[in-house]
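Got your viewer open and a selection tool ready? Let's take a short walk through this one.

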Amino acid sequence: MINDGLISVSFMTEKIVGHGEDAPPILMAKGQSYAVGVFDGMGGAGAATCKSDYGEGLTKAYVASRITASSVELYLSNHLNTEDVSTEDLKQIIMQRLKEEIQKYPPQTKSILRSKLVRDYPTTMALVVLTKGNDNISIDSYWAGDSHCYLWTLKGFFQISKDDLEEKNDPMENLHNDSPISNCICADRDFTINHQHIELPKEPTIILVASDGCFGYYPTPMHFEYVLSSTLQKANNEKDWECLIKENIMKVTGDDCSFSLIAIGFSSFEDFKKSMKAYKVEGFPILLEQEETIAYFEKELAKEKEMYEQNVTARWEKYKSNYMKFIND
């Protein structure tokens, strides 16, 4: 918890310890405003290594995510709960900080790569700011790239950012047909920070953000929500919940991951669990049962295939001497 009466979970995991390209996530509360943010350095586009204050031999993606996270956090420390967050101000602050980085650590050699996929200091961003009013709640999501912003209430689990993709895939399609990113924060090209504003009646509300390492290895968006809701019901407290979420994600992910969540309007963690237990994805247990059935038959099929191959080998050993009688020396 970052203050009394506020439920929060925030973590970052690394596929290679010390080289994770996700930055530590943002988790902030100030007055009646709250913010969560994640920043996923794009290792494919920013794989070149560089010098930086973070050390030598780290990728530009690693440095970009951390520069952007620290820039956004500094901006929010001065603006959260005082005025609307400006996408243009955020963009200018990030661009200036990236410019300063290049001036401080100029590249030693000019890259000969000309691929449109290669970018200088590339990272995604997903940021959600929640502000409580007298009778309503304002939700503002800001993003660049394919990290996700979410809103979670008793009425449902909602993605409130739209991936910046070359192909017009919906979130389910993109899990199975991963499209190149069309927009991200970087130092060598113009970029856009997208914004969506949502007004809600004053009610218990959860905001969360996640990099694609959290949700991108599940077969559907429903599975990601199920991980959050099912682990919540097993947890005794926030630390328990954090460990269970990480444990489940790390079973399937092949990437770094970062996650940050704030829940408001609940009197306690137990109240939170009880309230969220009421909401379930209709028909999802049937999908889980079908997955178990498929897994069972796949296992049995694998056994049959292994027995078949062993039988083929054994039969051939007996068969081949006569079969090859006239072609053996």
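This is a predicted model. Start by selecting residues 148-153 and 156-159: these are strands β8 and β9, which run antiparallel and are joined by four bridges. Together they make a hairpin with two residues between the strands. At that end, look for Thr153, which stands opposite Gly156 in β9.

Follow Phe224 into helix α5, residues 221-234. Its 14 residues should span 20 Å at 1.5 Å a residue, and the end C-alpha atoms are 21 Å apart, which agrees. At the start of α5, zoom in on Thr220, where a side-chain oxygen comes to within 3.1 Å of the backbone nitrogen of Met222. Buried residues of the helix include His223, Glu225 and Leu228.

Next, two charges over rings. Select Arg66, which lies over the face of Tyr62 at 3.5 Å from the ring centre. Then jump to Lys91, over the face of Phe191 at 5.5 Å from the ring centre.

Last stop: Tyr121, in the loop between α2 (87-104) and β6 (125-132). Check its backbone: phi is positive, about 55°, although Tyr121 is not a glycine. Is Tyr121 buried or exposed? It is buried, with a relative accessible area of 2%.

Note on methods: Residues are numbered from 1 along each chain as its sequence is written. This is a predicted model: local features need pLDDT of at least 70, side-chain atom pairs count only at pLDDT 80 or more; totals for chains, interfaces and linings use all residues. Side-chain values use heavy atoms; hydrogens and water are left out. Buried means under 20% relative accessible area, exposed over 50%, partly exposed in between (1.4 Å probe, protein chains only). Two strands pair if DSSP finds at least two bridges between them. The expected span of a helix is 1.5 Å times one less than its number of residues. A polar contact is a pair of N or O atoms within 3.5 Å; within protein, one must be able to donate a hydrogen and the other to accept it, and residues adjacent in sequence count only if both atoms are side-chain atoms. A charge sits over a ring if NZ of Lys or CZ of Arg is within 6 Å of the ring centre and within 35 degrees of the ring normal.
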